[in-house]
Structures are given as C-alpha cells and as structure tokens.
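My notes follow the order in which I looked things up.

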Amino acid sequence: ILEILDEDMELLEVTQLTWSDARFSENLTRFYGENLPRGSFKERECGRGPFHVAFVRDSSPVYGERQATAGVSEVNTHCFDAKARCRALTGGGFLIHGTNTHREADHDCAMLFGSSIRDHLGAAPGPWDGVIESVAREVSGSGEWESLEALFRVLNAAAPYLVLRNFEGLPHSAVTEGHEDIDLLTDDTSLMLHLTGAKRARPEPYRVLHTVRVAGQDLLFDFRFVGDGYYDESWERGMLERRVLDERGFYRPTQEDHFGSLLYHATVHKVSVSDEYLDRVSKLGGPLGVRVESADVD
C-alpha cells in the first residue's frame, strides 16, 4: 500500500494510530459523521484495532471525474486511483479510507491529530523518513475538550463557522455578563454536532441550544445554520464567505456583518432594544459612519 501511494505522489508521514476499545465506536461516529454504534457494519468490516494514517503530497495534481460514493465527482485522480488500487489489494470494500477534497483532508487530520494538515506537518514538510510512529489518541474532543482553544483549532480546520457575537472574552472566557451561550453560524449543523460532541440542552427538536463539555464544564452553544431563517439565507451564506480569523484563534464576522447582525438581533430577535445593545451597536456603527442614537425600534 505504501509503495502504491509513493508512485504518483510523495509520502510525507505514516503513523499507526490506536483508539481505545471503550471509545472506539464513539470515535468512528464522530469521525465519519454518522451513527456507527458498537458492532456496526464499519466495525465488522474494518475491525477495532490499530490503523495506519498516511499523508501524501501531490506536486502535479490532475483533476477529473470519478464515480465516488456520493455520485460522480471531480477529484484528484492520483489520490482517487491510488485508493481504488489499495482497496482492490485488500479484497475490495472500504478497508481503505481516502479524502477527495482539501476540506475533507483537513477535517480528517483535525479529528485524528487535533489540527489542520499545515499545522500538523508544517509549512514545508520533507519526505517520509521511513519510520512509522505509534500514537494512542482518541478523536479530538473525546469525552471533553481540554480547552476552547483546542476546540476552535479543530473547528478552524474542519468546518466553515463563525462566532456571531459576544466573542470579546474568547477563548479564555466563554461567558460574558448576561450572555451565557456561544452563538455559532455554520453551513452544516450535523457536521458541527459530530465535531464538537455536543448534546441537546433541551428536548424539543426545534431548540438549537446544546452543551459541549470543555475543561470540566458544560458550556452552552447555539448552532445556527444557513437557511434556518434566523437571518436572511443569502446574508448567512455571505457572512460565512466573508468571515475573518480573529488573532485570538477563532472565526468572527467582518466589522460590517458584526454591526448589521447585532443590530438585527437587537431589533428583530429581541422584544425590545436594551440599553446594552443600544450602546454596543452605537459603538460598532460609529467607525462605519452609521449613527444609532435611539433605542426606538423604528
């Protein structure tokens, strides 16, 4: 298998990874983003033992259409064809997992090792030295997250998202006075739930409040998603496209989107405009040349 991967591409790192038996099924579920309980078809096919992770670099990628699981897709043909050869070598089926897109690759690296590929391997990784390292590690955030910094590091690599508001104290303090939850906007709620390991805080299916275990505490998160009607759908999509990486290590809205979404939140989502929101939108509007002088909704 390693020889096949090294033919059209360059091996950079090979690691033997071991998950604990107690958390193996949970790790599978969160890694693949689908319900894979103990004894699932995936476990019956692949087993519950150690597995190998190989990073490769394709310096001359060629893209073309291939028949993937979800239908015909445009993929890196070197990677896809190598995966097909490896699967044939192991008797067919899905004993070999391979990524088809950059986003999927960063997602997998973040869940397996806790960061993006660039952060994991470095900006200019050299060729593989022939040594297979052994690592015992659950998927990121298994049981709980060690810190919000660790959580955001994985989210930065694995999913489009942004923190909508009240992020002034992040990542060191998740709670600001009067605001006990963290509001996230994403384009895929199911992916976000599997990534974070979140659990529903309310039983009603229409509720968006969840808890995520971080450093011994159950932090509250609201997961908003594109098309949920919380904001205009095209605006939600635009906010994600324009998001900026804060120097403190998480994605937030642009200054204009922060002002607009907070103004909308204060006047549409809330029963009345509080003095706090009046003060905040006034300060945000100033640098944009927008004067907000009254708490009157009109």
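**Ground rules.** I call a residue buried under 20% relative accessible area, exposed over 50%, and partly exposed in between (1.4 Å probe, protein chains only). The model is predicted, so I took local features only at pLDDT of at least 70 and side-chain atom pairs only at pLDDT 80 or more, while totals for chains, interfaces and linings use all residues. Numbering runs from 1 along each chain as its sequence is written, and side-chain values use heavy atoms, with hydrogens and water left out.

Entry 1: I started with phi and omega. Most residues other than glycine have a negative phi, and most peptide bonds are trans. Asn-166 has phi near 55°, a positive value in a non-glycine residue. Asn-166 sits in the loop between S6 and S7; helices (H or I, at least four residues) and strands (E, at least two) are DSSP runs, numbered from the N terminus. Is Asn-166 buried or exposed? Asn-166 counts as buried, because its relative accessibility is 7%.

Ala-215 also has a positive phi, near 50°. I found Ala-215 in the loop between S9 and S10. With 48% relative accessibility, Ala-215 counts as partly exposed.

Then I checked omega. The peptide bond joining Leu-170 and Pro-171 is cis, with omega about 0°. Pro-171 belongs to the loop between S6 and S7.

**Entry 2: the sheet of 5 strands.** I traced the order S6-S7-S10-S9-S8 in an open sheet with mixed pairing. Two strands count as paired if DSSP finds at least two bridges between them. Strand S6 (161-163) and strand S8 (199-200) are the edges; each has a single partner strand, so one side of each lacks a neighbour in the sheet. S7 (residues 181-186) pairs with S10 (residues 217-225) in the parallel sense over 6 bridges. Within that pairing, Asp-183 has Asp-222 in S10 as its bridge partner.

Next I looked at which helices cover this sheet. Helix H7 (residues 148-158) lies across S6, S7, S9 (209-214) and S10, at about 145° to S6. Contact here means heavy atoms within 4.5 Å. Axes are lines fitted to C-alpha atoms, for helices over the stretch in contact, and angles run from 0 to 180 degrees between N-to-C directions. H9 also packs on the sheet: it touches S6, S7 and S10, and its direction makes about 95° with that of S7.

**Entry 3: H9 against H10.** H9 (residues 233-242) and H10 (residues 255-269) pack at about 145°, with their axes 11 Å apart. I listed the residues that meet: Trp-235, Gly-238, Met-239 and Arg-242 from H9, against Asp-257, Gly-260, Ser-261 and Tyr-264 from H10. Glu-236, Gly-238, Met-239 and Leu-240 are buried in H9. The buried residues of H9 pack against S6, S7, S10 and H10.

**Entry 4: nonpolar cores.** A nonpolar core is a set of buried Ala, Val, Leu, Ile, Met, Phe, Trp, Tyr and Cys residues joined through side-chain atoms within 4.5 Å. The largest one has 52 residues. Among those with the most contacts inside it are Leu-148, Tyr-161, Leu-184 and Phe-221. Helix H7 gives the largest share of this core, 8 residues. Another core lies apart and has 9 residues, among them Ala-266, Val-273, Leu-278 and Leu-284.

**Entry 5: the sheet of 3 strands.** This open sheet has the order S2-S1-S5 with mixed pairing. S2 (51-57) and S5 (133-136) stand at the edges with a single partner strand each, so one side of each has no neighbour in the sheet. Neighbouring strands are turned by 30° on average, direction ignored. S1 (residues 10-18) and S5 pair in the parallel sense over 4 bridges. Thr-15 is opposite Glu-133 in S5. Helix H5 (residues 102-113) packs on this sheet, touching S1 and S2, and makes about 135° with the direction of S2.

**Entry 6: the hairpin.** S3 (residues 63-68) and S4 (residues 71-76) pair in the antiparallel sense over 6 bridges. The hairpin joins S3 to S4 through 2 residues. Gln-67 has Val-72 in S4 as its bridge partner.

**Entry 7: Lys-42.** Lys-42 lies in helix H3 (residues 41-46). Lys-42 is buried, because its relative accessible area is 10%. Lys-42 touches Leu-28, Tyr-32, Leu-36, Gly-47 and Phe-94, leaving out residues up to four places away in sequence.
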